[in-house]
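Hello,

Here is the structure I promised to pass on. My notes follow below it.

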Amino acid sequence: MSAIVLGQGDALLIVDLQVDFLPGGSLGVPHGDQVIAPVNRLINLYHERGLPVYASRDWHPASHCSFAAQGGPWPPHCVAGTDGAGFSPSLQLPADAIVVSKADTAEVDAYSAFNGTGLGDAMRARGIRRLAVCGLATDYCVLNTVLDGLKEDIEILIVAEAARAVDVAPGDGDRAMTRMLAEGAVPVRLAGAGLVADLELGARL
Ligand code: VGL
Ligand code: ZN
């Protein structure tokens, strides 16, 4: 069991933990609420060490291209400023968390928190070299955020227990996780008061 020692250069990114992506929301991710407790533990872990906590959010205009009325694949969700676009009220975001809004123009969709947000440059400017990623949904925004983070040359820790998939097709979430690992993301899990490498995750998928 290899412990991950967190320090300068580490940061946490919580992807799209928004009301519309939780069960009962307009694009509810099955069991999405199960990530809240482990995500709050991750927040504690990073925040108590003074490490940055980022939270991305899908932040669409009402006529966004990804909505069915515009010919897109999804029901309306995460319309900027609505209750559904808010972070889960159970999420214990620190006051100094950095909020990253994405896909906030009508014509462009963005699953990745790095797409069109300047997040890669912002993280480089802060000296962030390793990023733990968790949140919703494993097979869309988590997947694309992880792949882009790796392309930005940031080491990625993926916390499977703190992520859930939409699974439009059964197995999408597991396939997304397999792809992230194949591209170099390091699987980790919460253990006691810290993080450890989860070297058996690949075999469980
Ligand atoms: C997402 C579908 C549509 C996500 C965003 O956050 O994973 N999924 N928009
Ligand atoms: Zn969206």
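What share of the contacts in the protein chain with a separation of 6 or more comes from residues 24 or more positions apart? The figure is 74%, with contact meaning heavy atoms within 4.5 Å.

First, the ground rules. This is a predicted model: local features need pLDDT of at least 70, side-chain atom pairs count only at pLDDT 80 or more, and totals for chains, interfaces and linings use all residues. Residues are numbered from 1 along each chain as its sequence is written, chains are lettered from A and ligands numbered from 1 in the order written, and side-chain values use heavy atoms, without hydrogens and water.

Now the fold. The protein chain holds five helices and eight strands; these are DSSP runs, helices (H or I) of at least four residues and strands (E) of at least two, numbered from the N terminus. Their order from the N terminus is β-β-α-β-β-α-β-α-β-α-β-β-α.

The eight strands make an open, mixed sheet in the order 1-8-7-6-5-2-3-4. Strand 1 (3-4) and strand 4 (98-102) are at the edges with a single partner strand each, so one side of each has no neighbour in the sheet. Pairing takes at least two DSSP bridges. Strand 2 (residues 10-15) runs parallel to strand 5 (residues 130-136), joined by six bridges. Within strand 5, Arg130 stands opposite Asp10.

Last, burial. Of the 205 residues of the protein chain, 52% are buried, that is, under 20% relative accessible area with a 1.4 Å probe, protein chains only. The C-alpha trace spans about 50 × 35 × 30 Å along its principal axes.

Best wishes

Methods. Buried < 20%, exposed > 50% of the residue type's maximum accessible area, 1.4 Å probe, protein only.
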